[in-house]
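Please take a moment to look over the sequence and the fold that follow, and keep both in view while you read. The paragraphs below begin with one residue and then widen to the whole chain.

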Amino acid sequence: MADETPKAEDFLAQIDHRPPARQWMDVPTEIRKGMYCYAANPKSVEYLGLPNARQWNPIEDDWQLPDNWQQILHEGFKERLERFRSVKVFMDICVRCGACADKCHFFLGTGDPKNMPVLRAELLRSVYRNDFTKMGKLLGRLNGARPMTAEVLKEWWYYLFQCTECRRCSVFCPYGIDTAEITIFGRELLNLLGLNIDWIATPVANCYRTGNHLGIQPHAFKDMLDFFVDDIEEITGIRVEPNFNKKGADILFITPSGDVFADPGTYSCMGYMILFHFLKEKYGLDVTWSTYGSEGGNFGFFTSHETMKRLNAKMYLEAKRLGVKWILGGECGHMWRVIHQYMDTMNGPADFLEEPVNPITGTKFENAKSTKMVHIAEFTADLIKHGKLDLDPKRNDNKIITFHDSCNPARGMGMLDEPRYVIKNVANHFYEMPANTIREQTFCCGSGSGLNAGENMEERMAGGLPRANAVKYVHEKFGVNMLACVCAIDRAALPPLMEYWVPEVEVTGLHELVANALILPGEQERTTDLRGEPLPGMEDADE
(Lines give C-alpha, C1' and ligand atoms only; values in the text may rest on other atoms or scores of the structure.)
Protein backbone atom coordinates (compact mmCIF):
# COMPACT_ATOMS: atom_id res chain seq x y z
CA MET A 1 0.00 0.00 0.00
CA ALA A 2 1.27 3.47 -0.83
CA ASP A 3 2.85 5.36 2.06
CA GLU A 4 0.54 8.29 1.37
CA THR A 5 -2.65 6.33 2.03
CA PRO A 6 -4.03 7.47 5.38
CA LYS A 7 -5.06 5.01 8.05
CA ALA A 8 -8.66 3.83 7.78
CA GLU A 9 -9.92 5.86 10.73
CA ASP A 10 -8.26 9.02 9.42
CA PHE A 11 -9.60 8.29 5.94
CA LEU A 12 -13.22 8.38 7.12
CA ALA A 13 -12.66 11.63 9.00
CA GLN A 14 -11.39 13.46 5.93
CA ILE A 15 -14.40 12.72 3.67
CA ASP A 16 -16.44 15.89 3.26
CA HIS A 17 -19.71 15.82 1.28
CA ARG A 18 -20.59 19.48 1.78
CA PRO A 19 -21.06 21.43 -1.49
CA PRO A 20 -18.04 23.54 -2.47
CA ALA A 21 -18.25 27.31 -2.13
CA ARG A 22 -17.37 27.87 -5.79
CA GLN A 23 -18.97 26.78 -9.06
CA TRP A 24 -17.45 23.56 -10.32
CA MET A 25 -15.88 25.25 -13.36
CA ASP A 26 -13.98 27.53 -11.01
CA VAL A 27 -12.46 24.74 -8.95
CA PRO A 28 -9.02 23.90 -10.40
CA THR A 29 -8.00 20.25 -10.68
CA GLU A 30 -5.21 19.11 -8.38
CA ILE A 31 -3.65 15.87 -9.63
CA ARG A 32 -2.76 14.36 -6.30
CA LYS A 33 -0.39 11.47 -5.61
CA GLY A 34 -2.18 8.27 -4.62
CA MET A 35 -5.21 9.29 -6.67
CA TYR A 36 -3.90 8.62 -10.18
CA CYS A 37 -2.11 5.91 -12.14
CA TYR A 38 1.22 6.25 -13.90
CA ALA A 39 1.27 7.31 -17.54
CA ALA A 40 1.35 4.66 -20.24
CA ASN A 41 4.74 3.23 -21.17
CA PRO A 42 5.48 4.54 -24.69
CA LYS A 43 6.67 1.08 -25.80
CA SER A 44 3.20 -0.32 -25.07
CA VAL A 45 1.43 2.53 -26.81
CA GLU A 46 3.70 2.13 -29.82
CA TYR A 47 3.23 -1.65 -29.92
CA LEU A 48 -0.52 -1.22 -30.26
CA GLY A 49 -0.15 1.34 -33.02
CA LEU A 50 -1.80 4.03 -30.90
CA PRO A 51 -0.80 7.66 -31.52
CA ASN A 52 1.70 9.89 -29.71
CA ALA A 53 3.81 7.33 -27.89
CA ARG A 54 6.11 9.33 -25.59
CA GLN A 55 7.34 9.79 -22.04
CA TRP A 56 5.08 12.10 -20.03
CA ASN A 57 4.22 12.65 -16.40
CA PRO A 58 0.73 13.62 -15.18
CA ILE A 59 2.06 15.87 -12.41
CA GLU A 60 4.30 17.90 -14.73
CA ASP A 61 2.94 20.91 -16.60
CA ASP A 62 4.04 19.81 -20.05
CA TRP A 63 2.23 16.65 -21.19
CA GLN A 64 4.15 16.60 -24.49
CA LEU A 65 1.00 17.09 -26.53
CA PRO A 66 1.08 17.51 -30.31
CA ASP A 67 0.73 21.11 -31.51
CA ASN A 68 -2.73 20.48 -32.98
CA TRP A 69 -4.09 18.50 -30.00
CA GLN A 70 -7.29 20.60 -29.74
CA GLN A 71 -8.05 19.97 -33.41
CA ILE A 72 -7.46 16.22 -32.93
CA LEU A 73 -9.87 16.14 -30.00
CA HIS A 74 -12.51 18.22 -31.80
CA GLU A 75 -12.42 16.05 -34.91
CA GLY A 76 -12.43 12.86 -32.79
CA PHE A 77 -15.41 14.16 -30.81
CA LYS A 78 -17.30 15.05 -34.00
CA GLU A 79 -16.59 11.71 -35.65
CA ARG A 80 -17.81 9.74 -32.64
CA LEU A 81 -20.96 11.82 -32.22
CA GLU A 82 -21.85 10.81 -35.77
CA ARG A 83 -20.91 7.16 -35.23
CA PHE A 84 -22.39 6.53 -31.76
CA ARG A 85 -25.96 7.79 -31.54
CA SER A 86 -26.13 6.84 -27.87
CA VAL A 87 -23.40 9.33 -27.01
CA LYS A 88 -25.23 12.14 -28.83
CA VAL A 89 -28.40 11.26 -26.91
CA PHE A 90 -26.53 11.10 -23.60
CA MET A 91 -24.99 14.53 -24.28
CA ASP A 92 -28.42 16.11 -24.92
CA ILE A 93 -30.99 14.59 -22.57
CA CYS A 94 -29.47 14.97 -19.10
CA VAL A 95 -31.49 17.47 -17.02
CA ARG A 96 -28.99 17.39 -14.18
CA CYS A 97 -31.57 16.09 -11.70
CA GLY A 98 -28.79 14.57 -9.60
CA ALA A 99 -30.46 11.18 -9.08
CA CYS A 100 -27.12 9.56 -9.86
CA ALA A 101 -25.03 11.81 -7.64
CA ASP A 102 -24.84 9.76 -4.46
CA LYS A 103 -24.88 6.40 -6.28
CA CYS A 104 -21.19 6.53 -7.26
CA HIS A 105 -18.73 4.78 -4.98
CA PHE A 106 -16.03 7.31 -5.81
CA PHE A 107 -18.21 10.24 -4.78
CA LEU A 108 -19.21 8.43 -1.58
CA GLY A 109 -15.57 7.60 -0.87
CA THR A 110 -14.02 10.96 -1.71
CA GLY A 111 -16.74 13.60 -1.34
CA ASP A 112 -15.35 15.21 -4.50
CA PRO A 113 -18.32 16.67 -6.48
CA LYS A 114 -16.55 15.97 -9.78
CA ASN A 115 -16.94 12.28 -8.98
CA MET A 116 -20.72 12.60 -9.16
CA PRO A 117 -21.67 10.84 -12.42
CA VAL A 118 -23.70 13.86 -13.49
CA LEU A 119 -20.73 16.16 -13.05
CA ARG A 120 -18.18 13.73 -14.47
CA ALA A 121 -20.28 13.65 -17.63
CA GLU A 122 -20.63 17.41 -17.47
CA LEU A 123 -16.87 17.68 -17.91
CA LEU A 124 -17.41 16.46 -21.47
CA ARG A 125 -20.85 18.00 -22.01
CA SER A 126 -19.47 21.47 -21.34
CA VAL A 127 -17.06 21.11 -24.27
CA TYR A 128 -19.78 19.45 -26.36
CA ARG A 129 -22.05 22.47 -25.84
CA ASN A 130 -19.24 24.86 -26.71
CA ASP A 131 -18.21 23.08 -29.90
CA PHE A 132 -21.38 21.43 -31.22
CA THR A 133 -24.52 23.31 -30.03
CA LYS A 134 -25.91 26.68 -31.11
CA MET A 135 -26.97 27.64 -27.59
CA GLY A 136 -23.53 26.85 -26.27
CA LYS A 137 -21.87 28.97 -28.93
CA LEU A 138 -24.30 31.87 -28.30
CA LEU A 139 -24.49 31.83 -24.52
CA GLY A 140 -21.20 30.23 -23.54
CA ARG A 141 -20.90 29.66 -19.82
CA LEU A 142 -24.53 30.70 -19.23
CA ASN A 143 -25.44 27.57 -21.16
CA GLY A 144 -22.87 25.45 -19.32
CA ALA A 145 -20.37 25.64 -22.17
CA ARG A 146 -16.63 26.11 -21.98
CA PRO A 147 -13.79 25.81 -24.48
CA MET A 148 -11.28 22.99 -24.41
CA THR A 149 -8.07 24.13 -22.71
CA ALA A 150 -5.06 22.34 -21.26
CA GLU A 151 -6.63 22.66 -17.80
CA VAL A 152 -9.88 21.08 -19.03
CA LEU A 153 -7.93 18.29 -20.70
CA LYS A 154 -6.12 17.45 -17.47
CA GLU A 155 -9.43 17.52 -15.59
CA TRP A 156 -10.84 15.03 -18.12
CA TRP A 157 -7.88 12.71 -17.68
CA TYR A 158 -7.90 12.86 -13.87
CA TYR A 159 -11.61 12.17 -13.39
CA LEU A 160 -12.22 9.79 -16.31
CA PHE A 161 -9.63 7.55 -14.68
CA GLN A 162 -11.51 7.85 -11.38
CA CYS A 163 -14.48 6.04 -12.90
CA THR A 164 -14.58 2.24 -12.97
CA GLU A 165 -17.30 2.16 -15.62
CA CYS A 166 -19.37 0.03 -13.21
CA ARG A 167 -22.72 1.48 -14.40
CA ARG A 168 -24.34 1.65 -10.98
CA CYS A 169 -25.35 5.24 -11.73
CA SER A 170 -27.22 4.09 -14.83
CA VAL A 171 -29.53 1.92 -12.69
CA PHE A 172 -30.85 5.04 -10.97
CA CYS A 173 -30.91 7.50 -13.93
CA PRO A 174 -34.57 8.24 -14.83
CA TYR A 175 -33.48 8.86 -18.44
CA GLY A 176 -31.37 5.74 -18.74
CA ILE A 177 -28.14 7.62 -19.30
CA ASP A 178 -25.18 5.28 -19.09
CA THR A 179 -22.37 7.43 -17.73
CA ALA A 180 -19.97 4.52 -18.11
CA GLU A 181 -20.44 4.85 -21.87
CA ILE A 182 -19.55 8.52 -21.56
CA THR A 183 -16.39 7.59 -19.66
CA ILE A 184 -15.52 5.04 -22.34
CA PHE A 185 -16.11 7.70 -24.96
CA GLY A 186 -13.95 10.23 -23.10
CA ARG A 187 -11.11 7.77 -22.60
CA GLU A 188 -11.18 6.96 -26.30
CA LEU A 189 -10.74 10.66 -27.04
CA LEU A 190 -7.82 10.86 -24.61
CA ASN A 191 -6.19 7.93 -26.36
CA LEU A 192 -6.14 9.98 -29.55
CA LEU A 193 -3.50 12.04 -27.74
CA GLY A 194 -1.70 9.06 -26.22
CA LEU A 195 -3.11 9.84 -22.77
CA ASN A 196 -3.59 6.38 -21.33
CA ILE A 197 -2.43 4.87 -18.04
CA ASP A 198 0.16 2.13 -17.89
CA TRP A 199 -1.96 -0.39 -16.00
CA ILE A 200 -4.16 -0.43 -19.08
CA ALA A 201 -1.75 0.16 -21.96
CA THR A 202 0.82 -2.48 -21.02
CA PRO A 203 -1.73 -5.26 -20.28
CA VAL A 204 -3.42 -4.49 -23.61
CA ALA A 205 -0.08 -4.73 -25.41
CA ASN A 206 0.74 -7.98 -23.60
CA CYS A 207 -2.65 -9.47 -24.48
CA TYR A 208 -2.08 -8.56 -28.09
CA ARG A 209 1.46 -9.99 -28.13
CA THR A 210 1.28 -13.20 -26.05
CA GLY A 211 -2.43 -13.69 -25.37
CA ASN A 212 -2.56 -12.66 -21.71
CA HIS A 213 -2.22 -9.42 -19.78
CA LEU A 214 1.00 -10.38 -17.98
CA GLY A 215 2.82 -11.17 -21.21
CA ILE A 216 3.46 -14.75 -20.14
CA GLN A 217 4.71 -17.01 -22.91
CA PRO A 218 2.71 -20.15 -23.79
CA HIS A 219 5.21 -22.56 -22.21
CA ALA A 220 5.17 -20.59 -18.94
CA PHE A 221 1.37 -20.65 -18.95
CA LYS A 222 1.47 -24.44 -19.21
CA ASP A 223 4.14 -24.64 -16.49
CA MET A 224 1.86 -22.81 -14.07
CA LEU A 225 -0.99 -25.23 -14.62
CA ASP A 226 1.44 -28.15 -14.25
CA PHE A 227 2.43 -26.68 -10.90
CA PHE A 228 -1.24 -26.75 -9.86
CA VAL A 229 -1.44 -30.39 -10.98
CA ASP A 230 1.16 -31.22 -8.31
CA ASP A 231 -0.72 -29.25 -5.64
CA ILE A 232 -4.01 -30.94 -6.49
CA GLU A 233 -2.38 -34.38 -6.30
CA GLU A 234 -0.97 -33.59 -2.87
CA ILE A 235 -4.42 -32.53 -1.59
CA THR A 236 -6.63 -35.14 -3.28
CA GLY A 237 -4.30 -37.98 -4.26
CA ILE A 238 -5.57 -37.55 -7.84
CA ARG A 239 -3.35 -36.38 -10.69
CA VAL A 240 -5.45 -34.36 -13.09
CA GLU A 241 -4.36 -34.10 -16.73
CA PRO A 242 -5.45 -30.85 -18.38
CA ASN A 243 -5.47 -30.66 -22.19
CA PHE A 244 -3.63 -27.87 -23.96
CA ASN A 245 -4.38 -26.66 -27.50
CA LYS A 246 -6.23 -29.88 -28.28
CA LYS A 247 -7.93 -29.74 -31.66
CA GLY A 248 -11.42 -31.23 -31.78
CA ALA A 249 -12.09 -31.00 -28.05
CA ASP A 250 -15.71 -30.45 -27.02
CA ILE A 251 -15.17 -27.12 -25.32
CA LEU A 252 -12.47 -24.42 -25.23
CA PHE A 253 -12.05 -22.98 -21.74
CA ILE A 254 -10.75 -19.43 -21.38
CA THR A 255 -10.37 -17.65 -18.06
CA PRO A 256 -8.64 -14.43 -16.96
CA SER A 257 -4.92 -14.98 -16.68
CA GLY A 258 -5.09 -13.54 -13.17
CA ASP A 259 -6.57 -16.90 -12.17
CA VAL A 260 -3.39 -18.59 -13.31
CA PHE A 261 -0.79 -16.30 -11.78
CA ALA A 262 -2.04 -14.62 -8.60
CA ASP A 263 -3.69 -15.68 -5.34
CA PRO A 264 -6.52 -16.11 -4.56
CA GLY A 265 -7.38 -16.56 -8.25
CA THR A 266 -5.00 -19.52 -8.41
CA TYR A 267 -7.35 -21.46 -6.13
CA SER A 268 -10.18 -20.79 -8.57
CA CYS A 269 -7.94 -22.10 -11.33
CA MET A 270 -7.29 -25.27 -9.36
CA GLY A 271 -11.05 -25.47 -8.89
CA TYR A 272 -11.65 -25.38 -12.65
CA MET A 273 -9.07 -28.14 -13.15
CA ILE A 274 -10.65 -30.36 -10.49
CA LEU A 275 -14.13 -29.82 -11.96
CA PHE A 276 -12.97 -30.65 -15.51
CA HIS A 277 -11.21 -33.80 -14.28
CA PHE A 278 -14.41 -34.91 -12.52
CA LEU A 279 -16.49 -34.30 -15.68
CA LYS A 280 -13.98 -36.17 -17.83
CA GLU A 281 -13.86 -39.18 -15.51
CA LYS A 282 -17.61 -39.38 -14.94
CA TYR A 283 -19.05 -38.20 -18.27
CA GLY A 284 -16.19 -38.11 -20.78
CA LEU A 285 -16.35 -34.34 -21.30
CA ASP A 286 -13.32 -33.13 -23.26
CA VAL A 287 -12.23 -29.60 -22.29
CA THR A 288 -9.10 -27.91 -23.61
CA TRP A 289 -7.14 -24.87 -22.47
CA SER A 290 -5.36 -22.66 -24.97
CA THR A 291 -1.86 -21.38 -24.28
CA TYR A 292 -2.37 -18.73 -26.97
CA GLY A 293 -5.88 -17.51 -26.20
CA SER A 294 -4.97 -17.36 -22.52
CA GLU A 295 -6.79 -14.23 -21.39
CA GLY A 296 -10.51 -13.83 -20.84
CA GLY A 297 -10.25 -10.27 -19.60
CA ASN A 298 -10.55 -7.62 -22.28
CA PHE A 299 -8.33 -4.71 -21.31
CA GLY A 300 -9.06 -3.13 -24.68
CA PHE A 301 -12.46 -2.26 -23.20
CA PHE A 302 -10.70 0.50 -21.25
CA THR A 303 -8.90 1.96 -24.25
CA SER A 304 -11.05 2.14 -27.36
CA HIS A 305 -13.69 0.24 -29.27
CA GLU A 306 -11.07 -0.80 -31.80
CA THR A 307 -8.70 -2.38 -29.24
CA MET A 308 -11.67 -4.02 -27.50
CA LYS A 309 -12.66 -5.57 -30.82
CA ARG A 310 -9.11 -6.76 -31.56
CA LEU A 311 -8.75 -8.57 -28.23
CA ASN A 312 -12.24 -10.06 -28.34
CA ALA A 313 -11.49 -11.52 -31.75
CA LYS A 314 -8.52 -13.49 -30.43
CA MET A 315 -10.68 -15.81 -28.31
CA TYR A 316 -12.95 -16.63 -31.23
CA LEU A 317 -10.11 -17.13 -33.69
CA GLU A 318 -8.57 -19.62 -31.25
CA ALA A 319 -11.89 -21.48 -30.94
CA LYS A 320 -12.05 -21.64 -34.72
CA ARG A 321 -8.45 -22.88 -34.98
CA LEU A 322 -9.05 -25.66 -32.45
CA GLY A 323 -12.40 -26.66 -33.95
CA VAL A 324 -14.28 -26.82 -30.64
CA LYS A 325 -18.08 -26.72 -30.39
CA TRP A 326 -18.33 -23.65 -28.16
CA ILE A 327 -16.46 -21.65 -25.52
CA LEU A 328 -16.74 -21.90 -21.76
CA GLY A 329 -15.60 -18.74 -19.99
CA GLY A 330 -14.15 -18.49 -16.50
CA GLU A 331 -14.93 -16.18 -13.64
CA CYS A 332 -14.30 -12.78 -15.15
CA GLY A 333 -15.86 -9.34 -15.13
CA HIS A 334 -15.30 -7.19 -18.17
CA MET A 335 -14.95 -10.21 -20.47
CA TRP A 336 -18.66 -10.81 -19.96
CA ARG A 337 -19.76 -7.26 -20.56
CA VAL A 338 -17.82 -7.22 -23.82
CA ILE A 339 -19.22 -10.60 -24.84
CA HIS A 340 -22.85 -9.82 -24.08
CA GLN A 341 -23.05 -6.17 -25.06
CA TYR A 342 -20.55 -5.74 -27.88
CA MET A 343 -19.53 -9.10 -29.36
CA ASP A 344 -22.30 -9.52 -31.91
CA THR A 345 -21.80 -6.13 -33.51
CA MET A 346 -18.01 -6.29 -33.33
CA ASN A 347 -16.94 -9.77 -34.35
CA GLY A 348 -20.07 -11.88 -34.34
CA PRO A 349 -22.25 -13.74 -34.59
CA ALA A 350 -19.84 -16.68 -34.25
CA ASP A 351 -21.67 -18.90 -36.73
CA PHE A 352 -18.72 -21.28 -37.07
CA LEU A 353 -19.43 -22.53 -33.51
CA GLU A 354 -22.41 -24.59 -32.35
CA GLU A 355 -25.24 -23.30 -30.20
CA PRO A 356 -24.03 -24.14 -26.67
CA VAL A 357 -25.65 -27.23 -25.22
CA ASN A 358 -24.45 -28.88 -22.03
CA PRO A 359 -23.54 -32.38 -23.30
CA ILE A 360 -24.05 -33.83 -19.82
CA THR A 361 -27.50 -32.42 -19.02
CA GLY A 362 -28.83 -31.47 -22.46
CA THR A 363 -29.54 -27.91 -21.35
CA LYS A 364 -29.51 -25.30 -24.11
CA PHE A 365 -27.91 -22.05 -22.97
CA GLU A 366 -30.36 -19.78 -24.79
CA ASN A 367 -28.62 -16.59 -23.65
CA ALA A 368 -25.45 -17.78 -25.40
CA LYS A 369 -27.16 -18.75 -28.65
CA SER A 370 -25.48 -15.93 -30.53
CA THR A 371 -22.19 -15.44 -28.68
CA LYS A 372 -21.51 -19.20 -28.28
CA MET A 373 -19.88 -18.50 -24.95
CA VAL A 374 -21.20 -19.75 -21.59
CA HIS A 375 -20.23 -18.46 -18.14
CA ILE A 376 -18.88 -21.21 -15.91
CA ALA A 377 -21.24 -20.21 -13.09
CA GLU A 378 -24.19 -20.99 -15.40
CA PHE A 379 -22.54 -24.22 -16.46
CA THR A 380 -21.85 -25.43 -12.91
CA ALA A 381 -25.29 -24.36 -11.64
CA ASP A 382 -26.84 -26.43 -14.41
CA LEU A 383 -24.75 -29.47 -13.44
CA ILE A 384 -25.80 -29.12 -9.80
CA LYS A 385 -29.47 -28.64 -10.70
CA HIS A 386 -29.40 -31.94 -12.60
CA GLY A 387 -27.58 -33.76 -9.81
CA LYS A 388 -24.42 -34.35 -11.83
CA LEU A 389 -21.88 -33.37 -9.17
CA ASP A 390 -20.98 -35.31 -6.01
CA LEU A 391 -20.73 -32.65 -3.34
CA ASP A 392 -19.93 -32.47 0.36
CA PRO A 393 -20.80 -28.91 1.48
CA LYS A 394 -19.55 -29.61 5.02
CA ARG A 395 -16.02 -29.21 3.73
CA ASN A 396 -16.74 -25.47 3.55
CA ASP A 397 -18.32 -25.30 7.01
CA ASN A 398 -15.53 -23.11 8.37
CA LYS A 399 -16.40 -20.46 5.78
CA ILE A 400 -19.23 -18.02 6.55
CA ILE A 401 -19.83 -16.61 3.11
CA THR A 402 -21.32 -13.55 1.49
CA PHE A 403 -21.38 -12.85 -2.24
CA HIS A 404 -20.17 -9.78 -4.11
CA ASP A 405 -22.02 -9.34 -7.40
CA SER A 406 -19.29 -8.29 -9.77
CA CYS A 407 -20.51 -5.25 -11.70
CA ASN A 408 -20.12 -6.52 -15.24
CA PRO A 409 -21.61 -10.02 -14.87
CA ALA A 410 -24.42 -8.60 -12.70
CA ARG A 411 -25.38 -5.39 -14.50
CA GLY A 412 -23.78 -6.30 -17.81
CA MET A 413 -25.29 -9.74 -18.37
CA GLY A 414 -27.89 -10.12 -15.61
CA MET A 415 -26.18 -13.07 -13.96
CA LEU A 416 -27.54 -12.78 -10.42
CA ASP A 417 -28.96 -16.12 -9.27
CA GLU A 418 -26.56 -18.74 -10.62
CA PRO A 419 -23.58 -17.92 -8.36
CA ARG A 420 -25.83 -17.87 -5.29
CA TYR A 421 -27.35 -21.20 -6.31
CA VAL A 422 -23.88 -22.72 -6.60
CA ILE A 423 -22.69 -21.33 -3.26
CA LYS A 424 -25.78 -22.60 -1.41
CA ASN A 425 -25.14 -26.09 -2.78
CA VAL A 426 -21.43 -26.26 -1.96
CA ALA A 427 -21.50 -24.49 1.43
CA ASN A 428 -23.85 -24.36 4.40
CA HIS A 429 -23.37 -20.81 5.67
CA PHE A 430 -24.36 -17.97 3.37
CA TYR A 431 -25.61 -14.47 4.18
CA GLU A 432 -26.56 -11.62 1.87
CA MET A 433 -25.30 -8.09 2.26
CA PRO A 434 -27.96 -5.31 2.46
CA ALA A 435 -30.37 -5.32 -0.49
CA ASN A 436 -29.33 -1.92 -1.84
CA THR A 437 -25.71 -3.09 -2.18
CA ILE A 438 -26.15 -6.33 -4.13
CA ARG A 439 -27.56 -7.72 -7.39
CA GLU A 440 -28.24 -4.88 -9.89
CA GLN A 441 -27.41 -2.31 -7.19
CA THR A 442 -24.10 -3.90 -6.31
CA PHE A 443 -21.24 -1.62 -5.32
CA CYS A 444 -18.01 -1.78 -7.32
CA CYS A 445 -14.73 -3.10 -5.90
CA GLY A 446 -13.29 0.34 -6.66
CA SER A 447 -10.44 -0.97 -8.83
CA GLY A 448 -12.11 -2.09 -12.04
CA SER A 449 -11.69 -0.62 -15.48
CA GLY A 450 -7.91 -0.61 -15.32
CA LEU A 451 -7.49 1.11 -11.94
CA ASN A 452 -6.08 -1.91 -10.10
CA ALA A 453 -2.58 -0.45 -9.92
CA GLY A 454 -0.39 0.00 -6.84
CA GLU A 455 0.38 3.69 -7.09
CA ASN A 456 -3.28 4.80 -6.75
CA MET A 457 -4.08 2.96 -3.54
CA GLU A 458 -5.84 5.89 -1.86
CA GLU A 459 -8.14 6.14 -4.88
CA ARG A 460 -8.87 2.42 -4.67
CA MET A 461 -9.60 2.45 -0.95
CA ALA A 462 -11.93 5.42 -1.45
CA GLY A 463 -13.75 3.76 -4.34
CA GLY A 464 -14.10 0.49 -2.48
CA LEU A 465 -15.40 2.02 0.76
CA PRO A 466 -19.14 1.43 0.06
CA ARG A 467 -18.47 -2.22 -0.83
CA ALA A 468 -16.33 -2.73 2.25
CA ASN A 469 -18.93 -1.04 4.43
CA ALA A 470 -21.57 -3.60 3.37
CA VAL A 471 -19.14 -6.47 4.00
CA LYS A 472 -18.38 -5.04 7.43
CA TYR A 473 -22.11 -5.07 8.21
CA VAL A 474 -22.52 -8.82 7.56
CA HIS A 475 -19.17 -9.55 9.21
CA GLU A 476 -20.34 -7.91 12.44
CA LYS A 477 -23.93 -9.27 12.26
CA PHE A 478 -23.37 -12.83 11.02
CA GLY A 479 -19.67 -13.45 11.47
CA VAL A 480 -18.99 -13.51 7.71
CA ASN A 481 -15.33 -14.33 7.09
CA MET A 482 -15.32 -15.04 3.33
CA LEU A 483 -16.28 -12.79 0.43
CA ALA A 484 -17.01 -14.76 -2.76
CA CYS A 485 -16.99 -13.28 -6.26
CA VAL A 486 -16.89 -14.26 -9.95
CA CYS A 487 -14.36 -11.76 -11.30
CA ALA A 488 -10.56 -11.93 -11.48
CA ILE A 489 -10.19 -8.19 -10.95
CA ASP A 490 -12.30 -8.54 -7.82
CA ARG A 491 -10.08 -11.37 -6.62
CA ALA A 492 -7.10 -9.04 -7.06
CA ALA A 493 -8.76 -5.86 -5.80
CA LEU A 494 -10.83 -7.07 -2.87
CA PRO A 495 -8.06 -8.62 -0.68
CA PRO A 496 -6.23 -5.31 -0.11
CA LEU A 497 -9.61 -3.59 0.25
CA MET A 498 -10.65 -6.06 2.95
CA GLU A 499 -7.24 -5.84 4.58
CA TYR A 500 -7.71 -2.08 4.83
CA TRP A 501 -11.37 -1.84 5.88
CA VAL A 502 -12.43 -5.33 7.17
CA PRO A 503 -9.23 -7.32 7.80
CA GLU A 504 -11.02 -10.38 9.21
CA VAL A 505 -12.59 -11.22 5.82
CA GLU A 506 -10.85 -13.19 3.05
CA VAL A 507 -11.74 -13.42 -0.65
CA THR A 508 -12.54 -16.46 -2.76
CA GLY A 509 -13.69 -17.37 -6.22
CA LEU A 510 -16.77 -19.49 -6.77
CA HIS A 511 -14.95 -22.56 -8.08
CA GLU A 512 -12.55 -22.70 -5.18
CA LEU A 513 -15.62 -23.43 -3.04
CA VAL A 514 -16.94 -25.89 -5.64
CA ALA A 515 -13.67 -27.82 -5.74
CA ASN A 516 -13.42 -27.98 -1.96
CA ALA A 517 -16.83 -29.66 -1.88
CA LEU A 518 -16.46 -31.83 -5.00
CA ILE A 519 -15.72 -35.52 -4.32
CA LEU A 520 -13.42 -36.90 -7.00
CA PRO A 521 -13.67 -40.59 -7.93
CA GLY A 522 -10.91 -42.47 -6.08
CA GLU A 523 -9.67 -39.51 -4.08
CA GLN A 524 -7.85 -39.92 -0.77
CA GLU A 525 -9.39 -38.62 2.43
CA ARG A 526 -8.85 -34.90 2.23
CA THR A 527 -7.50 -33.11 5.28
CA THR A 528 -7.04 -29.64 3.81
CA ASP A 529 -8.82 -27.30 1.45
CA LEU A 530 -7.20 -25.90 -1.69
CA ARG A 531 -5.31 -23.31 0.37
CA GLY A 532 -3.71 -26.05 2.45
CA GLU A 533 -5.76 -25.08 5.51
CA PRO A 534 -7.39 -27.83 7.61
CA LEU A 535 -10.89 -28.88 6.63
CA PRO A 536 -13.49 -28.65 9.42
CA GLY A 537 -12.87 -31.54 11.79
CA MET A 538 -9.39 -32.19 10.38
CA GLU A 539 -7.51 -29.65 12.46
CA ASP A 540 -5.56 -32.38 14.24
CA ALA A 541 -4.99 -34.59 11.16
CA ASP A 542 -1.27 -33.79 10.92
CA GLU A 543 -0.55 -34.45 14.56
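Which residues does T402 touch, not counting residues up to four places away in sequence? T402 touches F430, Y431, E432, M433, V474, V480, M482, L483 and A484, where contact means heavy atoms within 4.5 Å. The place of T402 is in strand β6, residues 401–403, and at 0% relative accessibility T402 counts as buried. Here buried means under 20% relative accessible area, exposed means over 50%, and partly exposed is in between, with a 1.4 Å probe and protein chains only.

Before going further, please note that this is a predicted model, in which local features need pLDDT of at least 70 and side-chain atom pairs count only at pLDDT 80 or more, while totals for chains, interfaces and linings use all residues. Residues are numbered from 1 along each chain as its sequence is written, and side-chain values use heavy atoms, with hydrogens and water left out.

Turning to the whole chain, there are 24 helices and eight strands; helices (H or I, at least four residues) and strands (E, at least two) are DSSP runs, numbered from the N terminus. The radius of gyration of the chain is 24 Å, close to the 24 Å that the globule rule gives for 543 residues, so the chain is as compact as a globular protein of that length. This radius is taken over C-alpha atoms, and the globule rule is 2.2 Å times the number of residues to the power 0.38. Along the principal axes, the C-alpha atoms fill a box of roughly 80 × 50 × 40 Å. Of the 543 residues, 61% count as buried, and among contacts between residues at least 6 apart in sequence, 77% join residues at least 24 apart.

In soluble globular proteins, nonpolar side chains tend to be buried together. In this chain the largest nonpolar core has 75 residues, and those with the most contacts inside it are M273, F276, L279, W289, Y316, L328 and F379. A nonpolar core is a set of buried Ala, Val, Leu, Ile, Met, Phe, Trp, Tyr and Cys residues joined through side-chain atoms within 4.5 Å. Helix α14, residues 265–283, gives the most to this core, with 10 residues. Leaving aside neighbours within four places in sequence, L328 is in contact with I251, L252, F253, I254, F276, V374, H375, I376 and F379. Apart from this core lies another, of 67 residues, among them F77, F90, Y159 and C207.

The backbone also deserves a careful look. Most residues other than glycine have a negative phi, and most peptide bonds are trans. Yet the peptide bond from D263 to P264 is cis, with omega near 0°, and P264 has its place in the loop between α13 (258–261) and α14. The peptide bond from G348 to P349 is cis as well, with omega near 0°, and P349 is in the loop between α17 (343–346) and β5 (373–375).

Phi of E165 is near 55°, a positive value in a residue other than glycine; E165 is in the loop between α8 (150–160) and α9 (168–172), and at 2% relative accessibility E165 counts as buried. N245 also has a positive phi, of about 55°, although it is not a glycine. N245 lies in the loop between β1 (243–244) and β2 (251–254), and with a relative accessible area of 24% N245 is partly exposed.
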